[in-house]
Amino acid sequence: MPQITMKGVSKNFGDVTVIPQFDASIDDGEFLVLLGPSGCGKSTLLRMIAGLTGITSGTLGFDGEDVNEWTPSRRGVAFVFQSYALYPHMTVRENIAFPLLMDAFRKWHHIPLVSSVMRWKLMRRPDIVERTNQIAEQLELTPLMNRRPASLSGGQRQRVALARSLVRDPSLYLLDEPLSNLDAKLRTQMRSEISTLHQRVRKTFVYVTHDQVEAMTMATKIIVMNRGEIQQIGTPDEIYEHPANTFVARFVGAPPMNLLPVRQQGQQLTLEAGATFTHPGQLPADKELILGLRPERLRLQPAEQPGIPVEVSVVEKLGAEVILGCRVLHPGGGQSGDLLRQDLVFVRISGNPHVAIGTRASLGYDAAGVNWYSPQTGKALHPAAAPLLSCSA
Amino acid sequence: MTEQTLLERPLAVPAYSARTSTARRRLNGLLPYAFVIPPALYLLVFMFWPLGKQIYLSLTRTRLANPNRSTFIGLRNYERLLDNPDFYTTLKITLIYSVMAVIVGVAVGLVAALALNRPFPGRTLVRGILLFGWAVPNVAAALVWLWIFNERSGILNTIVTGLGLERVSWLTSTEMALPSILLVTVWQVSPFVMLVMLAALQSVPEEVKEAAVVDGADKLNVFKSVTLPHILPTLQLVSLLVMVWSIRRFDIIYLLTGGGPVGSTSTLIVKLRQVAFENHDLGLSSAYGVVGLMLALSVAAIHALFNHRRQKMSSR
């Protein structure tokens, strides 16, 4: 299993720079997720690792060896495409066995007629038959072996694509948004199947997605990308709990992290709307700050208690939890700003507390759950120490 | 207006709407016929009626001098055909010409399409130049080729003699006439094949080709395993079209050789003209036409059979 290193890797398409400079490494057996919005260059990066797209500059290394000029087949990778890319005229069996056939194919097999005879013979070679059957059994494809992709469901096609990538026992699996064409239920099921597969084969997986739920549930390490640049590298917990900047804070999490621009005066924080409240912990030195709070870190309290004064504007009942969208109130009691221009402050509450729209309340939080960002750079700021205090009564 | 009248008004509207929607439904029901009738009439008058007339004529003794006085003779014309050794020669020439036109024309067109499917500077210009043969009218093309093939002043013989070889009788020797005509046919047909195959090649999903590359396939295997199966239906259709066109091609052959020398380029259609307008035998010439029709229909039937089989396979 190779350790993959990318040193100063960049990619230009004509005058357009898709990836300016990329430096990262992927360890053996890791499940790395490249996460980012559409057009951020994550699929291009994956294709460069596979050898399907050339590298403009920089070095891609497998175990320290420069593989920039290696062909995709020499790199020994498996690639699962977003569209599955199954061979439509071949049966499931032929699709799965295809990489094995190509491994056994020799140049002289191209001679007319010999080619057809050799393919026929190779499809019946015991080791190829056994390996194909074994993989099909693992992915519960045995009853579908003689069917063609056109007659399979999305989930079945996805499993065939996975089986085809598994059959050669590659050292590196590259998956390009493989679940994006599936419905929500099937996506959840396939997510756990891919995680199980990773645990079973213990190989390196590089998985591209724009879906942060997929990233959080499957990854051992996430690289968040935007406009071809790395925003943060970390474990799912690090990415979620301590986003490196406001982009990561807003991109990871649904609903996203609440980012409230505040001005500090001692322990007092004043929101743009004018409301003032006391922060229950240490603060960074800057006067102008962005207060970052995950929705589940906020508590809905009676309006009389100290905290951020809000009015509930949206109630989304999700069964096991409720998402409240709140608008910050002016000191006089009115809502702040324009209805559309002003971001909602989201609060996640377990169960169903039956909160009505229009309810006025105060939002409390613990200092430990706060992230601070610079309004100028968007980067995270760190207070000297953050004691576990609460701003609620 | 009383309250009762006000209540009645909404009732009157649906009654009116119902009438309108019934009329509209009837109109909608007739609309497909309005679209189908003109082409159906066209086919009836210009295709099926002459076809029926031709089949009928093939069963009669009819002279060109008096086409309205025919005597029904059953299958006598077909018996004459089968008893005539010239018919088998004509049939053989037609088959050789058509099959070779398909093999060489489609192969050249496909290779050109594969070359043009790769990006290179000036690709659009080359594509335009290659289409020239298809765009030139048949008569103009035949006249140009007559000059090219000219034994004394033609460019081909100028090249041949320039290479120190003897002049070739391109259109006047029995050995060279059919290959020469095939050359012109390929020149005319291959740009069309190229254009259609280029469209088919451009619809091959890039990701499937890339999947084959990742799976270890070399270029030839990518072509055989991904590209060829994808373009095969188009290839079959184009082959069918070229075959049918070749069976009924008249102008190029007639203008270049007139079926000669010694009948060496006399295909069914050229022979049909000769029997009808030189031998004045409309009945026998119609029998030639029916044989040509049967040949074209059997090629189409084979194509339909392949198509049906493929669809059945892919839905399994």
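**View 1. The six-stranded open sheet of chain A.** In this predicted model, the strands of the open sheet run in the order β6-β7-β8-β3-β9-β10 (chain A), with mixed pairing. Strands here are DSSP E runs of at least two residues, helices are H or I runs of at least four, and both are numbered from the N terminus; two strands pair if DSSP finds at least two bridges between them. At the edges sit β6 (77-80) and β10 (229-234) of chain A, each pairing on one side only. Residues are numbered from 1 along each chain as its sequence is written, and chains are lettered from A in the order in which they are written. Since the model is predicted, local features need pLDDT of at least 70, side-chain atom pairs count only at pLDDT 80 or more, and totals for chains, interfaces and linings use all residues.

**View 2. Zooming in on β9 and β10 of chain A.** Strand β9 (residues 221-226) of chain A lines up antiparallel with β10(A) over five bridges. Look for Val224(A), which stands opposite Gln232(A) in β10(A).

**View 3. Where chain B meets chain A.** Here 19 residues of chain B are in contact (C-beta atoms, placed from the backbone, within 7 Å) with 22 residues of chain A. On the chain B side, α9 (206-214) and α10 (219-247) are the elements giving two or more residues. The predictor gives the complex an ipTM of 0.82 and a pTM of 0.79.

**View 4. Confidence along chain B.** Mean pLDDT (the predictor's per-residue confidence, from 0 to 100) is 89 for chain B, with 94% of its residues at 70 or more. Helix α1 (residues 3-57) of chain B is lowest, at a mean of 77, while α3 (residues 85-116) of chain B is highest, at 95. Over residues 1-13 of chain B, pLDDT stays under 50.

Note on methods
Contact = placed C-beta atoms within 7 Å.
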